[in-house]
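Hi,

Here is the structure I promised to pass on. Have a look at it first, then read my notes below.

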Amino acid sequence: MAIKDKYKIKSIDTSQSKEWLLKKHYAKRLCSISYCFGLFDESNFLIGVCTFGFPPNYNYNNGKCVFNNYECLTLELNRLVVNDGLEKNTLSFFVSECLNRLPKPSCIVSYADANQGHNGYIYQATNWIYTGVSTPKHKYIFEDGSEFDIRRGIDNKGKIVDKILMLPTHRYLYFNGNKKEISKMMNDLKMKVEKYPKGENKRYDNSYNPSIQTTLF
């Protein structure tokens with residue numbers, strides 16, 4: 001059976017993704033979500049989640065730091081998590097179908113976290129553009145042992161006892177639109193297109209199984 005006949009992708013309420021993002025994705029925290037999609041198997045069980053939201057970096061609004069003059073909706077693919085053991089090409093099918101369901105024209109940015117041993121092979125498999133690495137950031141360690149790697153909003157999280165410089169993340173772009181719109185985006189791109197990074201991906205433990213199995217109606 002073809003993958004497109006075996007799995008279903010559908011918009012889901014953000015509440016259906018909460019347990020996946022907090023307990024199954026390595027970041028273990030929620031994010032800004034404007035579009036949320038679920039991957040469902042033949043039994044209509046939710047087996048994957050992909051979310052998109054406005055980038056926390058306001059310079060991305062309408063593509064300001066991506067293009068010289070072109071303006072369009074700019075979103076970030078900010079969470080992608082699926083169950084282990086899915087057949088080959090299922091993840092790329094899921095991502096491609098989610099992108100097709102977003103408004104057009106649009107520019108999508110996403111990051112592969114080198115600190116987690118990721119190179120962004122899913123983005124390479126789905127024909128994203130690689131534009132190098134982002135500005136390095138710090139991970140903040142608090143008195144209670146908790147960690148946070150976003151500078152904004154940490155003032156009320158307690159006393160910072162350590163600050164660790166992290167590896168920069170790999171930045172990918174996807175231009176979503178018809179041929180004419182994509183051509184305009186490519187021609188007005190401000191960032192330099194670079195060769196895809198390579199290396200061995202490390203896997204993290206995402207074995208947590210959500211207690212509530214979500215069915216597709």
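The buried residues of helix 2 pack against strand 2, strand 3 and strand 4. Those buried residues are Ser17, Glu19, Trp20 and Leu21, and the helix itself covers residues 14–23. Helices (H or I, at least four residues) and strands (E, at least two) are DSSP runs, numbered from the N terminus.

Keep in mind that this is a predicted model, where local features need pLDDT of at least 70 and side-chain atom pairs count only at pLDDT 80 or more, while totals for chains, interfaces and linings use all residues. Residues are numbered from 1 along each chain as its sequence is written, and side-chain values use heavy atoms, leaving out hydrogens and water.

Now for those strands. Strand 3 is mostly covered, with 8 of its 8 residues buried. Strand 2 and strand 3 run antiparallel and are joined by 6 bridges; two strands count as paired if DSSP finds at least two bridges between them. One of the bridges links Phe40 to Leu46 in strand 3. The two strands make a hairpin with 5 residues between them, and Asn44 in the turn has a positive phi of about 65°. Strand 3 also pairs with strand 4, again antiparallel, over 6 bridges. There, Gly48 has Val82 in strand 4 as its bridge partner.

Next, the inside. Which residues have the most contacts inside the largest nonpolar core? They are Phe52, Leu77, Phe94, Leu99, Ile108 and Trp128, in a core of 26 residues. (A nonpolar core is a set of buried Ala, Val, Leu, Ile, Met, Phe, Trp, Tyr and Cys residues joined through side-chain atoms within 4.5 Å.) Elements giving two or more residues to this core include strand 2, strand 3, strand 4 and helix 3. Helix 3 gives the largest share, 5 residues. A second, separate core has 13 residues, among them Tyr70, Cys72, Val109 and Leu173.

Leaving aside its neighbours within four places in sequence, Leu99 is in contact (heavy atoms within 4.5 Å) with Phe52, Lys104, Ile108, Trp128, Tyr174 and Asn176. Ser92 is found in helix 3. Ser92 counts as buried because its relative accessible area is 16%, and it touches Ile122 and Thr126, not counting residues up to four places away in sequence.

How many disulfides are there? The count comes to 0, where a disulfide is a pair of cysteine sulfur atoms within 2.5 Å. For Cys36, the nearest cysteine sulfur is that of Cys50, 8.4 Å away. For Cys98, the nearest is also that of Cys50, at 4.2 Å. Cys36 is buried at 5% relative accessibility, and Cys98 is buried at 0%.

Strand 7 (residues 138–142) pairs with strand 9 over 5 bridges, and Phe142 has Ile160 in strand 9 as its bridge partner.

Technical notes. Buried < 20%, exposed > 50% of the residue type's maximum accessible area, 1.4 Å probe, protein only.
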